[in-house]
Amino acid sequence: MRPGPDDGPACLPVPGTIRHLGHAGFVVAHAGVSLLIDPWFHPAFLGAWFPFPDNRALLPEVLAGRYDLLYLSHLHEDHFDERVLERLDRGITVVLPRYRSKSLVRRMSALGFHEQVVLGHRESFTPAPGLTLTMLLDTSHKEDSGLLVDLDGYRFLDLNDCNTPLGELPGDVDLLSAQFSGAMWYPNAYAYPEETQRKKTAEVRSDLFDTLVRKVRLTGARAYLPSAGPPVFLDPELARYNDRDETIFPLWDAFADDFAAACPQVRVIEAAPGDDLGAPTGPVAHWRTEAYLSAYRDRREAEWRAYAEPAFEPVAPAEMDAYLARLQSWNKRFLGDWRKDVRLTSDGSSWSVRLGRIAGDIVFEEEPVDPAYTIEVPQRVLRAIVDGAVGWEEALLSMRLGLARDPDVFDLTLMSLLRYGEHPAQTMQMVRERESAAHGESIERCGVRMQRFCPHAGEDLSHADIADGVLECPRHHWKWRLDTGACVAGGTVPLRVEPIADDVPDR
């Protein structure tokens with residue numbers, strides 16, 4: 001008999017052991033095989049993110065451990081901790097997702113990990129009888145993955161922060177580990193009036209909760225482990241993002257009551273770093289205190305100060321022009337006839353960039369330019385981007401950048417160029433997604449024939465809610481009018497729709 005939600009945390013019947021390392025890290029031991037998953041211990045994203053709570057005390061033990069397998073979900077630094085990977089035995093067999101860009105495979109090969117098992121979406125690997133690993137991908141242009149670990153029939157689904165299409169999630173899951181907090185710069189890095197910021201933050205938090213509940217219900221999860229966030233920001237310049245009430249980085253406490261009401265049969269496993277999930281100790285109250293945060297900041301002072309220490313040469317307009325021209329030349333088909341005026345501000349300097357058909361032109365401030373986006377980038381960060389030390393994605397996640405847009409409309413092409421332009425395999429997948437939107441598979445709902453997959457990130461719209469003639473994608477919560485296909489919330493990309501009947505009720 002499966003344990004119910006009130007049976008207590010010590011009753012979780014895990015074959016072997018699943019040990020939580022904090023954030024999205026685990027050690028799974030079963031059938032004579034030891035599997036290390038996404039170990040993260042050091043600061044990420046330009047020294048901005050640190051694990052919360054502090055899990056550094058586990059690092060010596062993790063480094064001394066013997067592992068047969070290592071699974072890395074994706075290249076974000078809170079999952080791909082290179083300082084840890086450099087100290088692991090190169091004889092470990094690495095289980096990796098098969099991404100179009102092959103960037104993760106190349107990075108691991110460069111580090112000396114040549115024993116690799118590379119799996120595509122829903123492909124499985126059985127390293128020993130009684131232990132099977134099944135890869136689950138975000139099948140859109142994004143490169144993210146989760147792993148289903150089957151331990152003699154006990155099914156542990158580690159989704160971390162991956163958004164596998166809802167219709168392709170496995171069922172009959174015993175334990176689901178998935179993100180509940182935000183891991184994005186929107187809206188908190190944007191320059192909004194206080195009340196607007198508060199409203200947008202509440203909307204994002206609500207959307208995150210809705211997505212989590214859908215994942216729990218669709219997987220049939222019997223237990224849920226809140227994981228993969230939130231981080232903590234130890235640099236005093238970023239301390240405002242530790243406000244758990246006013247940002248998209250809440251603690252589980254903020255969702256606990258609503259989750260219990262929405263998923264009453266699901267046990268929540270709150271684990272401390274180092275816990276065996278068969279008998280977790282649960283959260284420690286003092287983690288929430290300012291005294292804990294202050295002591296943590298003091299312990300890691302050398303690490304968060306390291307961001308601002310190296311000398312650097314400011315980026316000149318000509319360098320920025322050449323960088324943007326190169327970025328656009330790699331993505332010509334993706335950009336098509338799109339164009340956008342963007343203002344960059346950096347440590348007191350300001351210039352405008354005309355992107356698109358006039359690739360990479362720097363426009364001096366005395367010329368008439370009306371930028372739709374303004375991006376404030378510290379010169380230190382801009383130098384790292386232009387030199388290829390970090391990408392725009394990592395820079396944005398650091399929360400060290402500021403953004404504004406007028407009108408307040410998300411530009412998918414601009415942000416995708418910045419986030420994925422260094423890996424054209426991803427932007428080419430977006431081109432294929434656009435073509436699929438125009439000519440691909442259709443579904444029929446509410447008297448409308450529409451494209452099946454979301455034109456933003458490929459979610460299956462069979463799972464979308466429809467109310468008052470508006471369809472809402474369950475993944476990022478973009479909305480479209482079903483009568484016209486016009487996007488009314490989230491972005492500007494239209495939905496392919498055509499009427500097929502009159503007076504058909506919503507279903």
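Cys-487 is a buried residue, at 16% relative accessible area. This is a predicted model, and in it Cys-487 takes part in no disulfide. Its nearest cysteine sulfur belongs to Cys-454 and sits 8.4 Å away.

Cys-263 is buried as well, with a relative accessible area of 5%. The closest cysteine sulfur to that of Cys-263 is in Cys-473, 19 Å off, so the two are too far apart for a bond. With a cut-off of 2.5 Å between sulfur atoms, the count of disulfides comes out at 0.

## Cis peptide bonds

Phe-52 and Pro-53 are joined by a cis bond, with omega at about -5°. Pro-53 belongs to the loop that runs between strand S4 (49-50) and helix H1 (59-64).

Another cis bond links Tyr-186 to Pro-187, and here omega is about 0°. You'll find Pro-187 in the loop between strand S12 (175-179) and helix H4 (194-219).

## Positive phi

Asp-468 has a positive one, near 55°. Asp-468 sits in the loop between strands S23 (465-467) and S24 (470-472), and it is exposed, with a relative accessible area of 78%.

His-477 also has a positive phi, near 65°. Its spot is the loop between S24 and strand S25 (479-481). Is His-477 buried or exposed? His-477 is buried, because its relative accessible area is 7% and the limit for buried is under 20%.

Methods: Residues numbered from 1 in each chain as written. Predicted model: local features only at pLDDT ≥ 70, side-chain atom pairs only at ≥ 80, totals over all residues. Heavy atoms only, no water. Buried < 20%, exposed > 50% of the residue type's maximum accessible area, 1.4 Å probe, protein only. Helix = DSSP H or I, 4+ residues; strand = E, 2+ residues; numbered from the N terminus.
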